[in-house]
Amino acid sequence: MSGLEGSEVRAIVAETLAEQQRLHRDDIDAVVLKSVATVLTSFGIDEEDRKELRADFQHLRRWRRSVEQAQSYTFKAVITVIVTGFVGAVWLGIKATLGK
């Protein structure tokens with residue numbers, strides 16, 4: 001070859017491919033960041049204010065958990081009322097049967 005050995009050619013090709021891959025990855029990162037910023041902006045969220053955004057999501061998570069907990073307590077209360085009513089009815093039936 002004209003002054004370049006096979007290993008040098010492979011090194012140059014490998015470096016060129018690696019650089020193209022880095023550029024491609026940077027392009028993809030830029031598109032993704034722009035897309036995310038556009039979506040956030042469409043929801044009225046300023047992507048620059050990350051602390052505020054984080055606080056909003058934390059608040060939503062706390063609110064969701066409290067709603068789930070309230071639903072759980074409501075379900076337990078309903079079951080308790082049903083079981084208590086059933087036991088009360090059985091007790092009244094036993095009392096009526098024994099009282100005759």
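Reader: Is A37 buried or exposed?
Author: This is a predicted model, in which local features need pLDDT of at least 70, side-chain atom pairs count only at pLDDT 80 or more, and totals for chains, interfaces and linings use all residues. Residues are numbered from 1 along each chain as its sequence is written, and side-chain values use heavy atoms, with hydrogens and water left out. A37 is found in helix α1, helices (H or I, at least four residues) and strands (E, at least two) being DSSP runs that are numbered from the N terminus. Because the relative accessible area of A37 is 17%, and buried means under 20%, exposed over 50% and partly exposed in between (1.4 Å probe, protein chains only), A37 is buried.

Reader: How far apart in space are A37 and Q20, C-alpha to C-alpha?
Author: Along the sequence, A37 and Q20 are 17 residues apart. In space, the distance from C-alpha to C-alpha is 26 Å.

Reader: What distance separates the end C-alpha atoms of α1?
Author: Helix α1 covers residues 6–42, and the expected span of a helix is 1.5 Å times one less than its number of residues. For the 37 residues of α1, this rule gives 54 Å, which agrees with the separation of the end C-alpha atoms in the model, 54 Å.

Reader: Which residue with a positive phi follows α1?
Author: After α1 comes a residue whose phi is positive, near 80°. That residue is G44.

Reader: How many salt bridges are there?
Author: Side chains of opposite charge can pair when their charged atoms come close. A salt bridge is defined as a side-chain nitrogen of Lys or Arg within 4 Å of a carboxyl oxygen of Asp or Glu, and by this rule the count of salt bridges is 3.

Reader: What is the N to O distance in the salt bridge between R22 and E19?
Author: An α-helix has 3.6 residues a turn, so residues three or four places apart point the same way. R22 and E19 are 3 residues apart in helix α1, and therefore separated by about one helical turn. E19 and R22 are each partly exposed, with E19 at 34% relative accessibility and R22 also having a relative accessible area of 34%. Their side chains meet in a salt bridge with an N to O distance of 2.7 Å.

Reader: How far apart are the closest N and O atoms of R64 and E68?
Author: R64 and E68 both lie in helix α2, 4 residues apart, about one turn of the helix. R64 is partly exposed, with a relative accessible area of 39%, and E68 is partly exposed as well, at 40%. The two residues form a salt bridge in which the closest N and O atoms are separated by 3.1 Å.

Reader: What area does the nonpolar surface patch have?
Author: Patches are made of residues with over 30% relative accessible area and no salt bridge, like charges being joined within 9 Å and nonpolar side chains (Val, Leu, Ile, Met, Phe, Trp, Tyr) within 5 Å. Accessible areas come from the Shrake-Rupley method with a 1.4 Å probe, and for residues only the protein chains shown count as cover. The nonpolar patch includes V83 and V90; V83 is found in helix α2 (residues 50–99) and is partly exposed at 47%, while V90, also found in helix α2, is partly exposed at 37%. With F75, W91 and L98 among its other members, the patch has an area of about 1,200 Å².

Reader: Which residues form the negative surface patch?
Author: Lys and Arg count as positive and Asp and Glu as negative, while His and the chain ends are not counted; the place of a charge is taken as NZ of Lys, CZ of Arg, CG of Asp or CD of Glu. One member, D49, lies in the loop between α1 and α2 and is partly exposed, with a relative accessible area of 35%. The negative patch is formed by D46, E48, D49, E52 and D56.
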